Amino acid sequence: MISNLKVIIPFLWLLQCGGGKVDVQQKPPIQVALLKEGISIPCKVMFPYVRKYTKFSISYYWINSLGQKTSIHHRSENVVIPSGKENQTATISYDHAITSLQNTSSTGTYYCDVKWDDIQIMGKGVFVLARDTGYVETSYGWEVLITLTTLLAVLSIIATALLLWKRKVSCPRRNQVNILKKKVQTQPPSASLPPPPPSPPTVYDCLDVQQVDVYSSLENYTNKPPPRKSPAGKTPKKQASLEESSDTLYENI
């Protein structure tokens with residue numbers, strides 16, 4: 001009885017291992033690919049090294065954004081059980097490579113479907129995003145600097161124009177006065193205004209004239225050379241001239 005149990009228990013354990021778990025895994029779940037570049041559809045198959053599960057087929061397909069299914073590839077596998085690994089679980093990758101994506105419509109979810117004689121398991125799929133170009137780092141530093149410089153220049157020009165206009169409007173009279181002054185300064189003396197009429201002479205003016213005459217007579221008298229000594233016969237003539245000059249002097253006074 002005990003010997004029979006020793007035989008049955010290992011046999012049941014072998015049956016359990018023979019009917020072990022099978023699974024299909026697809027990782028990573030998301031990929032980003034550029035056009036004209038290749039991608040690889042991941043597909044890991046887990047199965048026990050039992051003759052029943054070493055023979056299977058794999059189908060690859062993808063479903064686009066519109067839900068349309070497109071077959072890509074189909075393959076059959078017959079795995080040889082390594083010696084000493086019977087009834088052990090194996091995990092083997094059966095990735096499928098796509099050489100290049102033609103256009104952005106290749107975006108979609110790519111699946112691998114594994115089928116045994118009595119079971120069929122489909123992977124969870126890998127979403128592939130097809131793009132025209134990769135990420136381009138944009139720098140807005142120079143654009144912002146040029147924009148600010150241009151804006152400041154325009155504002156400076158506008159402010160200068162407003163100040164000039166305000167000055168021209170608020171000071172028209174001052175400009176006219178300056179213009180008239182310049183015109184008067186540039187005119188010849190003949191074109192100037194006529195002098196005011198002379199005022200009538202006063203008593204002081206007459207006295208001034210007489211005083212000038214007296215001074216001029218005295219100056220003439222002092223500037224005369226000293227008389228030469230004349231002979232004795234000419235003395236009366238000299239006295240007569242002296243009397244005349246003294247009479248003239250008194251009249252002027």
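**Reading the labels on a predicted model**

Colleague: Why is Asp118 called partly exposed?

Modeller: Asp118 has a relative accessible area of 48%. Buried means under 20%, exposed means over 50%, and partly exposed is in between, with a 1.4 Å probe and protein chains only. The 48% of Asp118 falls in between, so the label is partly exposed. Please keep in mind that this is a predicted model, where local features need pLDDT of at least 70, side-chain atom pairs count only at pLDDT 80 or more, and totals for chains, interfaces and linings use all residues. Residues are numbered from 1 along each chain as its sequence is written, and side-chain values use heavy atoms, with hydrogens and water left out.

Colleague: What makes Asp118 and Lys52 a salt bridge?

Modeller: A salt bridge needs a side-chain nitrogen of Lys or Arg within 4 Å of a carboxyl oxygen of Asp or Glu. The closest N and O atoms of Asp118 and Lys52 are 3.0 Å apart, so the pair meets the definition. Asp118 sits in the loop between E9 and strand E10 (120–122), and Lys52 in the loop between E4 and E5, so parts that are 66 residues apart in sequence are tied together. The strands (E, at least two residues) and helices (H or I, at least four) are DSSP runs, numbered from the N terminus. Lys52, at 44%, is partly exposed.

Colleague: How many salt bridges does the structure hold?

Modeller: There are two. Arg75 and Glu77 also form one, with their closest N and O atoms 2.8 Å apart. Here Arg75 is partly exposed at 27%, whereas Glu77 is buried at 18%.

Colleague: How do you know that a disulfide joins Cys43 to Cys112?

Modeller: A disulfide is a pair of cysteine sulfur atoms within 2.5 Å. The S to S distance of Cys43 and Cys112 is 2.3 Å, so the pair qualifies. A search of the whole structure finds one disulfide.

Colleague: Why is Val22 called buried?

Modeller: The relative accessible area of Val22 is 12%, which is under 20%, so Val22 counts as buried. Val22 lies in the loop between helix H1 (2–18) and strand E1 (23–25). Its contacts (heavy atoms within 4.5 Å) include Phe47, Tyr53 and Trp116.

Colleague: What makes E4 and E7 paired strands?

Modeller: Two strands pair if DSSP finds at least two bridges between them. E4 and strand E7 (residues 89–93) have five bridges in the antiparallel sense, so they pair. Phe47 stands opposite Ala90 in E7. E4 (residues 44–48) is also joined to E1, antiparallel, by three bridges, and Val24 stands opposite Val45 in E4.

Colleague: Which residues touch the most other members of the largest nonpolar core?

Modeller: Val45, Phe47, Phe56, Ile58 and Trp116 do, in a core of 29 residues. E5 gives the most to this core, with four residues. A nonpolar core is a set of buried Ala, Val, Leu, Ile, Met, Phe, Trp, Tyr and Cys residues joined through side-chain atoms within 4.5 Å. Leaving aside neighbours within four places in sequence, Val45 is in contact with residues including Phe56, Ile58 and Trp116.
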